[in-house]
Amino acid sequence: MKYSPFFTSNTSVSIVMLKVLLALVPGIIVYVWAFGSGILVNLIIGSVVALLAEASVLQIRRRPVLPFLLDGSALVTAWLLALALPPLAPWWLIVVGIIFAIVIAKHLYGGLGQNPFNPAMIGYAVLLISFPAVMTLWPAPLSLTAAKLSFLDQWQYIFSRTLPIGVGMDAMSSATPLDYLKTQLTMSHSMEQIWQAPFFGHWAGKGGEMVAAAYLLGGLYLVQQKIISWHIPTAFLGTLALMAGLFHFINPGHFAPPTLHLFAGASMLCAFFIATDPVSGPTTPNGKLIFAAGIAVLTWLIRTYGGYPDGVAFAVLLMNICVPLIDAKTQPRVFGHNS
C-alpha cells in the first residue's frame with residue numbers, strides 16, 4: 001500500500017525561541033553602547049526570576065519542569081520585559097513584573113499556548129500603572145551624560161540606589177523623546193522648537209534611534225528565517241507611518257513626523273517581537289493585517305492624546321481582546337463551500 005509523502009518541519013518551540021533571542025542581540029549590543037550596561041543587569045535578573053517562577057509554577061501544577069524550561073519561552077518574556085523597562089530601575093521592579101507575567105499572565109490561563117494576552121506587555125502595564133514615577137526615570141544617552149558609571153556602579157545603584165560620591169541621578173537621567181514631546185506640546189511649543197533639544201538625533205532620540213534600527217535588523221532576520229511573517233510588521237509600521245505622516249502633513253507644527261514615531265519608543269520592538277506573538281495574536285493572514293493596523297492606530301492615539309508617552313503595551317493588550325473576533329471574521333472560505 002502506497003502512502004503520499006508527508007513533509008514535516010524540523011522547527012520546534014525551542015528553536016523558534018532561540019532565534020528570537022538571537023534576533024534581540026543586536027539591539028542589546030547597541031543599547032549597551034548607547035545607554036550603558038545597566039540593561040544587562042535587568043536581563044540577568046529577569047532571566048533568573050523567569051526561570052525560577054516557571055519552574056515553581058510547573059511543579060505546583062505537577063507538569064514536567066525541564067522540557068518547559070528548555071523551550072525558551074520564559075526567557076523571551078523576560079528579555080522583552082527587561083528591554084521595555086528603564087535600565088537603571090530598582091531590582092524589585094523587574095522581579096515584580098516577571099512574576100506577574102509568568103505566573104498570572106501565562107500560567108493562570110494554562111501556560112504556553114493558552115494565554116490570551118501577551119505576558120510581557122501585561123507585566124509592563126502592571127508596572128507602569130502601579131509605579132509610574134520609577135517607570136519614567138530613564139537615563140540619558142551616554143554621549144550627553146555628565147557622569148559615566150561603570151558596570152559595578154550601575155549594579156550597585158540598581159540594588160542599593162546609591163551612586164558614587166559627587167554623582168547625582170539628575171546628571172544621568174533624561175526624559176524620553178516621546179515624553180518630552182508630549183510635555184512640550186502641552187506648553188504650546190512647536191515641533192521646530194521641540195526638535196532643538198540636545199537629545200534628539202536625525203530620526204528620533206539620540207541612541208534610541210540606533211537601538212530601534214538594530215531591532216529592525218533583528219526583525220528582518222526573523223522574517224528571513226520564516227519565524228514570523230511579513231504581515232504584522234508591515235501593517236504595524238505602515239499604518240503608524242501613515243497616521244503620523246497624514247497628521248504631520250496637515251499640521252507639521254503640532255504633530256511629530258513619521259520617523260519619530262517609527263524610531264522612538266517601542267515601535268520596532270513591537271513590530272517584530274511583541275505584536276508577532278503567535279499565541280496572543282491572530283492566525284489568519286488578513287487577521288494579522290487588521291490586528292497590527294489596530295495596534296498602530298491605538299499606539300498613535302495614545303501617544304498623541306493619551307496620558308502615557310508610549311502606547312504600545314496598552315495597544316497590544318486592547319487588540320489581544322479582539323483576536324477571537326478577528327480570527328472568526330477572517331477565516332478563509334472552506335474549499336467547495338459557497339458560504
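## Exercise 1: Two domains

The protein chain is assigned domain 1 (11-175) and domain 2 (176-328), with bounds that come from an automatic or database domain assignment. This is a predicted model, where local features need pLDDT of at least 70, side-chain atom pairs count only at pLDDT 80 or more, and totals for chains, interfaces and linings use all residues. Residues are numbered from 1 along each chain as its sequence is written, and side-chain values use heavy atoms, leaving out hydrogens and water.

Task: describe how domain 1 and domain 2 meet.

Step 1. Find the centres: taken over C-alpha atoms, they lie 21 Å apart.

Step 2. Look for contacts (heavy atoms within 4.5 Å): 32 residues of domain 1 touch 30 residues of domain 2.

Step 3. Get the buried area, meaning the accessible area (1.4 Å probe) that two parts lose on being put together, summed over both. The two domains bury about 2800 Å² between them, 78% of it on carbon and sulfur atoms.

## Exercise 2: Cysteines

Step 1. Search the whole structure: zero disulfides turn up.

Step 2. Compare surroundings, with buried meaning under 20% relative accessible area, exposed over 50%, and partly exposed in between (1.4 Å probe, protein chains only). Cys270 is buried at 0%, while Cys322 is partly exposed at 31%.

Methods: Disulfide = S-S within 2.5 Å.
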